[in-house]
Amino acid sequence: MITALGLMSGTSLDGIDAALLTTDGESSLSFGPTATYDYARHDRDLLRAALDAACNWDHATPPPELLTRAAEVVTRTHIAAVRDFSATRQTPELIGLHGQTLVHRPAAGFSLQVGDGQRLADASGVPVISDFRQADLRAGGQGAPLAPLFHEVLVRRAGLREAAVVNIGGVANVTFVGSGPPIAFDTGPGNALLDDWAARHTGRPIDLDGALARSGQVQPDVLARMLGDPYYAAAPPKSLDRLDFSAAPLDGLSAEDGAATLTALTAESIAGSARLIDREVPAWILTGGGRRNPALLAALRARLGHDAVRVAEQVGWDGDALEAQLFGWLAVRSVRGLPLSLPSTTGVAVATCGGVRHTPGG
């Protein structure tokens, strides 16, 4: 058993989640303290600008200067977070560093997560596992999603035979757990388009409590046009970059109607995911920041059935810390040489381990 600290900085760009757990990297899990470290406003603005720069970057050329600055912000903030966590809570034996995704191009076999694992190991005095996606990409996989094996363990611990676990971050992804290996893929936009829309029209980084969407009306023609993107009908495996979708079809809509339509887009793309694997799903468990949006939760319950949709806390999970817990768990699996991905989760040719180990002073 290893006590690991998982660190996750998601595509919503709100900050770093940290979560401690003690695990064998399989089904034995004991959860410890958690914490969240927000990015400063100017750092978040820099990261958002870096995403835009990365979108237009040919990764065969040197990275834009903004990406280098973003990498420094991410590394510095993670070092400060780990120092605080160790001083105020507990020092781990191992750290799992996901880093901040700036660009994800699985068709090109490329995904960039910034955050310097060696500097974090040196600063903390604790071994760090980072670069979780690269081995999967080299073996022909999408490099994402990486949560399905952890989701499967959690579903079994909750006493469920079949369930879909939906993480609604900047991008939404789903894991279908049943009798065979888990099946997983990104469903479409999660919070990213809605967050950007809210920021543009209200100056606030999110649609707080779904208030903007609840005061607007879904525009069916715009929603249908957005759902016509070939991605939604494509068979898995598949994964997305945060900027793969545009809000341009909403041009001319009011702030309220645009938010309502984007909320419906997320709900419809999640609900439609079951059709791609031709499966009836008795339970849908929501994690990530999107589960806190009442407008989105109502839309999903209207689409999937009120009793079928549960938030993470209803089955005993911490929906805010789950992804950070995941990367602590994956770090232990990496150390033990256990698979992080399967053909059914990323399309990789064979079950594949991954991660790069950084030793303090190494």
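**Close-ups of a predicted model**

**View 1. The end and start of helix α3.** Just past α3, Gly125 adopts a positive phi of about 75 degrees. (Helices here are DSSP runs of H or I with at least four residues, strands are E runs of at least two, and both are numbered from the N terminus.) Over at the start of α3, a side-chain oxygen of Asp116 comes to within 3.0 Å of the backbone nitrogen of Gln118. This is a predicted model, so local features need pLDDT of at least 70 and side-chain atom pairs count only at pLDDT 80 or more, while totals for chains, interfaces and linings use all residues. Residues are numbered from 1 along each chain as its sequence is written, and side-chain values use heavy atoms, with hydrogens and water left out.

**View 2. The buried side of α3.** In helix α3 (residues 117–124), Gly117, Leu120 and Ala121 are the buried residues (under 20% relative accessible area, with exposed over 50% and partly exposed in between; 1.4 Å probe, protein chains only). They sit on the same side of α3 because they cover an arc of only 100 degrees around the axis, taken from the directions from the helix axis to the C-beta atoms. Their cover includes β1 (2–9), α2 (65–88), β4 (94–105), β6 (128–130) and β12 (356–358).

**View 3. His151 and its neighbours.** His151 belongs to helix α5 (residues 148–157). With a relative accessible area of 1%, His151 is buried. Leaving aside residues up to four places away in sequence, His151 touches Val165, Asn173, Thr175, Val177 and Leu322 (contact means heavy atoms within 4.5 Å).

Notes
A polar contact is a pair of N or O atoms within 3.5 Å; within protein, one must be able to donate a hydrogen and the other to accept it, and residues adjacent in sequence count only if both atoms are side-chain atoms.
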